[in-house]
Each structure stands twice: as C-alpha cells, then as structure tokens.
Amino acid sequence: MTTLRYYFDFISPYAYLGWGQVKSLAQRRGVELEPVPVLFAAMLDTYGHKGPAEIEPKRIYTFKHVTRLAHDLGVPLRPPPAHPFKPLLALRIASLPRPRAEREAIIDLLFDRTWATGVGVTDPGALVQALDAAGLPGTTLVQDASAADNKARLRTQTTDAVQRGVFGVPSMEPDASGEIFWGQDAMPHLERYLDGGDPVPDDLLERWRGLPQGAVRPSSKA
C-alpha cells in the first residue's frame, strides 16, 4: 500500500485547507496517510526565508486568498486570536505516538480550533478541556507533549523533512520517494503522479538542474 506523508504546521491556513483534501484523497485512493507535524519557523530559519505573515502585503493577501479558497471548498474559516502564533504545544500533541484513528481525531480538533472556530491552540488548559470534551485523554496528551523525548520527536521530524527537501507547508510525499508536492493546490498534481502520469521527465529535470545561474542577487546581509 502506498504511504502518503503529509507535512504540516497548524500555523498555516493552507495546511488546514489541505488536511481535509488529503484525507479525502487517501481514502478515495486507498493509500495510508502519515501525518508529519513540523515546525515551519525552523524551516524558514534553515532556508533564510520570511514567512508570509512577516511580510505585511503578503500577510493581508494570504488571509484574502485562504478565505476565497475556503469558500470554494465549502469549509469554515475564522482567523485565530493572533497570527503568527506559537504552535509548539499543538505540534507536540499531534506528534505523540497514538493509535492512527486517535491521531487523526487530535489533528482534526487542533486544526478546527485554529482555523474553523478561531479559538486557538496555545492555552494548555483550554486544550485539555477541548480534548476531554471530544473523548480524548486531554490531561495525558498535554502532559506527554512536554516530555523531553516528544520535544525531540518534533525536532527530528522537522530536520528529517528538511533533509528530504521539504521547504514549506503543507507538503506531500508519496512512499518516502523524495518527490515533494508543495501546497494544498498541488493535490491534482499528486494524483496524476500516483497514476503514473507526471509530466516532468527525468531528462528535463536534469537539464533544469544543470542550468547555470545567470544572475545572483546580493545578500541583504552583506
């Protein structure tokens, strides 16, 4: 069975929109979905990038864009109490090694609290109550999330994702192939790849890789 990795951070509204789509894709095609929480901020630091929320015109455009996408998808979208925010607690809870169905339920709840209802995921006490109300062991999950081994788990997941070529969220990777599909709008391309119809031939890819750089932008740090 094909395994489909879904790299995400709750801070990304695109990851929220993609989560429902990738679950539907996995169910429809009979592939095993492997959610992989990663810390997007660490990726930005690795590549020397700014996040969309750190560039004011792009921040405003992003909120407009995801509102339009949510409308097209027919899913609710409300902004969290603050953005950007610290997603570490939610990411660590989502990284805990729990049964598959329970993990998906946890991720559903955390995405919904961030982007469907806008109540947020940064308050430990509120998360305990919300998880308990959903029939999940809230106190245990929040406590276990802060254990040293689980903090290390999130760091390892993020480092591994970067080493595999992931540079943004959400990203999808079928069968740990190193073939990365970035963005919730890449779902059709992913499906075509799964069908064996990817239009990117190896020879064209190698030619692209071998192109010389005709111009190099000076570093702003120089």
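This report walks through a strand pairing, some aromatic contacts and a cavity in a predicted model.

Residues are numbered from 1 along each chain as its sequence is written, and side-chain values use heavy atoms, with hydrogens and water left out. As the model is a prediction, local features need pLDDT of at least 70 and side-chain atom pairs count only at pLDDT 80 or more, while totals for chains, interfaces and linings use all residues.

**Strands and crossover**

Let's start with strand 1 (residues 3–8) and strand 2 (residues 32–37), which run parallel and share six bridges. Strands pair here if DSSP finds at least two bridges between them; helices (H or I, at least four residues) and strands (E, at least two) are DSSP runs, numbered from the N terminus. Across from T3 you'll find E32 in strand 2. To get from strand 1 to strand 2, the chain passes through helix 1 (residues 13–29), making a right-handed β-α-β crossover. Right-handed means that, with the strands pointing away from the viewer, the path from the first strand over the helix to the second runs clockwise.

**Aromatic contacts**

Rings of Phe, Tyr and Trp (its six-membered ring) pair if their centres lie within 6.5 Å; planes under 30 degrees apart are stacked, over 60 edge-to-face and the rest tilted. That rule gives 10 aromatic pairs, including these:

| Pair | Centre to centre | Angle between planes | Type |
|---|---|---|---|
| Y6 and W19 | 5.8 Å | 45 degrees | tilted |
| F8 and F10 | 5.2 Å | 75 degrees | edge-to-face |

Y6 sits in strand 1 and W19 in helix 1, so their pair ties together parts that are 13 residues apart in sequence. Is Y6 buried or exposed? Y6 is buried, at 0% relative accessibility, on a scale where buried means under 20% relative accessible area, exposed over 50% and partly exposed in between (1.4 Å probe, protein chains only). W19 is buried too, at 3%, and so are both F8 and F10. Y6, F8, F10, Y16, W19 and F111 form one aromatic cluster.

**The cavity**

A cavity is a set of points on a 1 Å grid over the protein atoms alone where a 1.4 Å probe fits but cannot get out; lining residues have an atom within 4 Å of a point. A search of the whole structure turns up one cavity of 30 Å³ or more. The largest cavity has a volume of about 40 Å³, counted as the space filled by probe spheres set on the points, which are joined across faces, edges and corners. Which residues line the largest cavity? They are P13, P52, A53, R59, T62, F63 and H83. Helix 3 (residues 56–73) gives the largest share of that lining, three residues.

Conventions:
On a 1 Å grid over the protein atoms alone, a cavity is a set of points where a 1.4 Å probe fits but cannot get out, and a pocket is an open set with protein on both sides within 12 Å along at least five of seven lines; lining residues have an atom within 4 Å of a point.
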